[in-house]
Amino acid sequence: MATTPADRSPESTLAFFREGYRFISNRCERYDTDIFTARFLLEPTIFLRGRAAAELFYDPERFRRAGAAPKRGQRTLTGQGGVQGLDGPAHTDRKAMFMSIMTPSAVERIGRLFADEWRIRLAAWGGGGPVVLRDEVGPMLLRAVCAWAGVPLPESEVGRRNAQMQAMIDGPAALGPRHWRGLRGRLRAERWIADLVERVRVGTVAAPEGSALAVIAEHRDAEGRLLPRRVAAVELINVLRPTVAVDRYVLFAALALHDHPDWRDRVRAGDEPTEWFVQEVRRYYPFFPVAFARVRHPFEWHGHHFPTDRRVLLDLYGTNHHPGIWSEPERFRPERFAGWRDDPYGFVPQGGGSHLGGHRCAGEWITIELMKQAVGLLTGAMDYRLPPQDLALDLSKVPTLPPSGLVLADVRGMP
Ligand code: HEM
């Protein structure tokens, strides 16, 4: 049996908080491996990265999700009782509910709603003052996704609800006040959406047919039972929150356009380069660092032992930057996606494997569509410049953003 490299530190949780996105790769490079063990969150844990490891990780016969994600992530980011923690037929049923919402025409529609919101705001940005993109894109996405999902959202509530979504996204890997804001954000958002679900069920709010609100509020499991109100709220928030989180990719896309101005002209020239550009933004920039699972039954893999119930982390960021998969992984080169075919285990910004049969992100197509719209608007609908500001990404912070929030100046709409 191969000896699995073991990190010698008695407990690695603090190192993870210190090193962030590079924690797993740092050790893989140190031990010249794609698998090692360490104590993490007070228990022995197996860390994996790379294509072969991802293929293993997304095998539902080997791993389960129930009890895998740390509690602090559930209390802020994902909530409890949702699709992320389900396995087997219960997962298949719940995931089919999500994927039924993601038809090509629905994906196109949310893209249009977002672009409409952007154009409305663009008219206001023309006043001359600086525009902080971080403060603008989340509310636009929230308005768009609520309109799309059938969730009523009075304009007076946009700021507050956006803050709740942002707090949930920011909360899982944070300590102290940032984490507490995440807990509060989740509590309040769940109360809001659970109440809405109830009103749809008793008929005092009409949910548009086929909308996420209608589909989730009315979903029945294999035994014909409606989802408990709180779980339905968790699932609807599983649509709203991550759509708002696409604002981070939009900021990264704006940053990439700034750092690689030649790509501004290339994406203006056509659809294909826009697709490559968006994929490279998803590969290159850091967002979701890892996915969690637990071993179902003991097994050996390339001579490494996986005992029952052992927690396993797959490094998503490190796989997207793996030198064995990507040439010059630390360079931003959208042209690498020319002629590229889906690689469900080598390219995993939103998880790997299959959408319907596994835990790969249900919102991947929506994400790509929203990013394409944003890149089209940034390059084709407006002129602006970036004044001097701090754009350096801190990879030790999870999730991370340019500290300035991306300030645009002299914004003008183009005819
Ligand atoms: C799952 C990333 C946008 C809905 C996931 C996973 C990741 C991820 C890493 C977990 C994969 C795993 O556990 O193996 C992202 C990123 C996004 C994004 C980086 C862009 C900001 C979206 C959007 C939606 C969405 C727009 C819905 C409209 C979901 C759902 C799951 C999920 C429902 C759970 C799937 C399951 O457990 O079967 N996402 N996501 N995500 N995502 Fe996303």
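Alanine 206 is exposed in this predicted model, with 12 other C-beta atoms within 10 Å. Throughout, a residue is classed as buried if 20 or more other C-beta atoms lie within 10 Å of its own, as exposed if 12 or fewer do, and as partly exposed in between, the C-beta atoms being placed from the backbone. Alanine 206 lies in the loop between α9 (177–202) and α10 (212–218); helices (H or I, at least four residues) and strands (E, at least two) are DSSP runs, numbered from the N terminus. The C-alpha atoms of alanine 206 and glycine 353, 147 residues apart along the chain, are separated by 36 Å. Residue numbers start from 1 along each chain as its sequence is written. As the model is predicted, local features need pLDDT of at least 70 and side-chain atom pairs count only at pLDDT 80 or more, whereas totals for chains, interfaces and linings use all residues.

Threonine 319, by contrast, is buried, with 30 other C-beta atoms within 10 Å. Threonine 319 is part of helix α14. Leaving aside neighbours within four places in sequence, threonine 319 is in contact (C-beta atoms, placed from the backbone, within 7 Å) with Arg49, Gly50, Ala54, Gly346 and Val348. A separation of 7.1 Å is found between the C-alpha atoms of threonine 319 and phenylalanine 347, which are 28 residues apart along the chain. Alanine 52 belongs to helix α3 (residues 51–57) and counts as partly exposed, with 16 C-beta neighbours inside 10 Å. Between the C-alpha atoms of alanine 52 and aspartate 34, 18 residues apart along the chain, the separation is 9.2 Å.

Helix α2 (residues 23–31) contains the buried residues Phe23, Ile24, Ser25, Arg27 and Cys28. The partners against which the buried residues of α2 pack are α1 (13–19), β1 (35–40), β2 (43–48), β8 (311–315) and α14 (316–320). Aspartate 32 follows α2 and has a positive phi, near 50 degrees.

The largest nonpolar core comprises 76 residues, and those with the most contacts inside it are Leu141, Val145, Leu236, Leu240, Ala253, Val281 and Met371. Helix α11 gives the most to this core, with 19 residues. A nonpolar core is defined as a set of buried Ala, Val, Leu, Ile, Met, Phe, Trp, Tyr and Cys residues joined through C-beta atoms within 7 Å. In soluble globular proteins, nonpolar side chains tend to be buried together. Leucine 141, leaving aside its neighbours within four places in sequence, is in contact with Phe114, Thr243, Val244, Val246, Asp247 and Leu370.

The axes of helix α8 (residues 158–170) and α11 come within 9 Å and cross at roughly 85 degrees. Helix α8 is therefore roughly perpendicular to α11. Axes are lines fitted to C-alpha atoms, for helices over the stretch in contact, and angles run from 0 to 180 degrees between N-to-C directions; angles of 65 to 115 degrees count as roughly perpendicular, under 35 as roughly parallel, over 145 as roughly antiparallel and the rest as oblique. Asn162, Met165, Met168 and Ile169 of α8 and Leu240, Arg241, Val244 and Ala245 of α11 make the contact. Six of the residues in the contact of α8 with α11 are nonpolar, one is polar and one is charged. In this classification, Ala, Val, Leu, Ile, Met, Phe, Trp, Tyr, Cys and Pro count as nonpolar, Asp, Glu, Lys and Arg as charged, and the others, Gly among them, as polar.

The ligand is surrounded by 25 residues, of which Pro242, Phe288, Gly351, Cys361 and Gly363 are the closest. A residue counts as near a molecule if its C-beta atom, placed from the backbone, lies within 6 Å of it. At least two residues of the shell around the ligand are supplied by each of α5 (88–101), α11 (229–259) and α15 (364–380), and α11 gives the most, with seven residues. The shell around the ligand divides into 15 nonpolar, eight polar and two charged residues.

Backbone geometry was also examined. Most residues other than glycine have a negative phi, and most peptide bonds are trans. Histidine 302, although not a glycine, has a positive phi of about 45 degrees; histidine 302 is placed in the loop between β6 (299–301) and β7 (304–306) and counts as exposed, with 12 C-beta neighbours inside 10 Å. The peptide bond from valine 398 to proline 399 is cis, with omega near -10 degrees, and proline 399 lies in the loop between β9 (382–385) and β10 (407–413).

Definitions and conventions
Contact = placed C-beta atoms within 7 Å.
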